[in-house]
Amino acid sequence: CNHCTNTPCVRACPTGASHINEGGTVLVDHDKCTGCKACIAACPYSARYEHPDGYADKCTFCLHRVQRGEQPACVSVCPTYTLYFGDLNDPDSKVSKLLRSRRWKVLLPESGAKPNMYFLT
């Protein structure tokens with residue numbers, strides 16, 4: 001999931017299960033999800049999937065870990081130290097500094113989704 005700012009998946013969700021939480025992470029409330037798959041079809045990144053229990057699911061940036069002050073699992077176990085996570089609104093965060101000092105790109109900018117997953121080039 002690219003945790004977009006202009007979220008086609010959230011707009012497509014008829015129940016409000018797909019939403020943006022206070023910190024900007026795009027989440028799915030499994031209790032509200034009817035499994036209609038509208039968000040799966042709307043995601044330009046094919047980042048959503050149907051969970052075996054029938055609801056739509058996706059990456060949450062391991063919100064449970066982040067709330068404890070830890071990094072998402074993918075970041076903490078990356079053997080090449082090429083993944084970074086942080087607050088894009090904090091100009092002093094590592095990710096903000098990297099984006100100011102390095103060239104970067106996003107996937108499918110033409111989608112208009114305004115993704116918040118950046119790839120350093």
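Analyst: Happy to. A disulfide here is a pair of cysteine sulfur atoms within 2.5 Å. This is a predicted model, in which local features need pLDDT of at least 70 and side-chain atom pairs count only at pLDDT 80 or more, while totals for chains, interfaces and linings use all residues. Residues are numbered from 1 along each chain as its sequence is written, and side-chain values use heavy atoms, with hydrogens and water left out.

By that cut-off, a search of the whole structure turns up zero disulfides. For cysteine 1, the closest cysteine sulfur belongs to cysteine 59 and lies 6.1 Å away, which is too far for a bond. Cysteine 78 is in no disulfide either, its nearest cysteine sulfur being that of cysteine 74 at 8.0 Å.

How covered are these two? Buried means under 20% relative accessible area, exposed over 50%, and partly exposed in between (1.4 Å probe, protein chains only). Cysteine 1 has a relative accessible area of 22%, so it is partly exposed, whereas cysteine 78, at 11%, counts as buried.

The largest core has nine residues, among them Cys9, Cys13, Cys33 and Cys39, together with Val26, Val28 and Tyr55. A second, separate core of five residues includes Cys43, along with Tyr45, Ala47 and Ala113.

Terms used: Core = buried A, V, L, I, M, F, W, Y, C linked by side-chain atoms within 4.5 Å.
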